[in-house]
Every structure is written in structure tokens, then in C-alpha cells.
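Please keep the sequence and the coordinates at hand while reading.

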Amino acid sequence: MNETINDINKLQKITDRISKNIPWNLHVASALDELRGMIKEKQQQLSDFEIQNMSLEQYEAHLAGRGFTNDI
């Protein structure tokens, strides 16, 4: 997962550099959109990994934070 975190950071740095240093045009906008999509995918992979590796107590707290409770 460290590799995924590093990928996210690298993609974010590239996105920031492009958006700050290259004049806007359609190609730049398209590239930035693609980079942001890649960042989002990597973040989803990281989130999925974290959820899969949670303890039962952590998972219950995670679900409770999303409105699910254990009240039956």
C-alpha cells in the first residue's frame, strides 16, 4: 500500500505543477482531468484496502459513521 500512497502523492504533485505552470488549453484540461481520475481511483483502492483490513470494532465504527447501527 505504500506504493499506492506514493503514486497518489506523485500524481498530485504532477497535477499541481501542470495546473500552476502550464497555460490552460483543451489538452491541458484533458490531461488534468485524466490525472484527477487516476488519483481518485488510487484513493478508492487505498480506501478499499483499509476497509478490508479493519478489525471488527473498527468496521463497526466505520459503519456507524455512515448511519448504520447495530440496533436490532
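In which helix is Q43 found? Q43 is found in helix α2, where helices (H or I, at least four residues) and strands (E, at least two) are DSSP runs numbered from the N terminus.

## Basis of the values

This is a predicted model, in which local features need pLDDT of at least 70 and side-chain atom pairs count only at pLDDT 80 or more, while totals for chains, interfaces and linings use all residues. Residues are numbered from 1 along each chain as its sequence is written, and side-chain values use heavy atoms, with hydrogens and water left out.

## Overall form

The secondary structure of the protein consists of three helices and zero strands, and from the N terminus on the elements run α-α-α. Along its principal axes, the C-alpha trace spans about 55 × 25 × 15 Å. The radius of gyration, taken over C-alpha atoms, is 17 Å, whereas a compact globule of 72 residues would have a value near 11 Å; the globule rule behind that expectation is 2.2 Å times the number of residues to the power 0.38.

The accessible surface, from the Shrake-Rupley method with a 1.4 Å probe and with only the protein chains shown counting as cover for residues, comes to about 6100 Å², and 52% of it belongs to carbon and sulfur atoms. Buried residues make up 15% of the 72 residues, where buried means under 20% relative accessible area, exposed over 50%, and partly exposed in between (1.4 Å probe, protein chains only).

## Helix α2

Helix α2 covers residues 26–52, and its 27 residues should span 39 Å at 1.5 Å a residue, which agrees with the 39 Å between its end C-alpha atoms; the expected span is 1.5 Å times one less than the number of residues. At the start of α2, a side-chain oxygen of N25 reaches to within 2.8 Å of the backbone nitrogen of H27, a polar contact in the sense of a pair of N or O atoms within 3.5 Å (within protein, one must be able to donate a hydrogen and the other to accept it, and residues adjacent in sequence count only if both atoms are side-chain atoms).

The buried residues of α2 are V28, L32, L35, I39 and L46, and what covers them includes α1, residues 2–21. Q43, by comparison, is partly exposed because its relative accessible area is 43%.

## The nonpolar core

A nonpolar core is a set of buried Ala, Val, Leu, Ile, Met, Phe, Trp, Tyr and Cys residues joined through side-chain atoms within 4.5 Å. The largest one has eight residues, namely I8, L11, I18, V28, L32, L35, I39 and L46. Helices α1 and α2 each supply at least two residues of this core, and α2 gives the most, with five. In soluble globular proteins, nonpolar side chains tend to be buried together.

Not counting residues up to four places away in sequence, I8 touches I39, K42, Q43 and L46, contact meaning heavy atoms within 4.5 Å. On the same exclusion, L46 touches M1, I5 and I8.

T4, in helix α1, counts as buried because its relative accessibility is 9%. Its contacts, leaving aside neighbours within four places in sequence, are K42 and Q45. T4 and Q43 are 39 residues apart in sequence and 8.2 Å apart in space, C-alpha to C-alpha.

T15 is also found in helix α1, and T15 is buried because its relative accessible area is 3%. Leaving aside its neighbours within four places in sequence, T15 is in contact with L32, L35, R36 and I39.

## Toward the ends of the helices

M1 lies in the segment before α1 and counts as partly exposed because its relative accessibility is 36%.

I51, which lies in helix α2, counts as partly exposed because its relative accessibility is 27%. With neighbours within four places in sequence left aside, the contacts of I51 are Y59 and H62, while its C-alpha atom is separated by 16 Å from that of N2, 49 residues apart along the chain.
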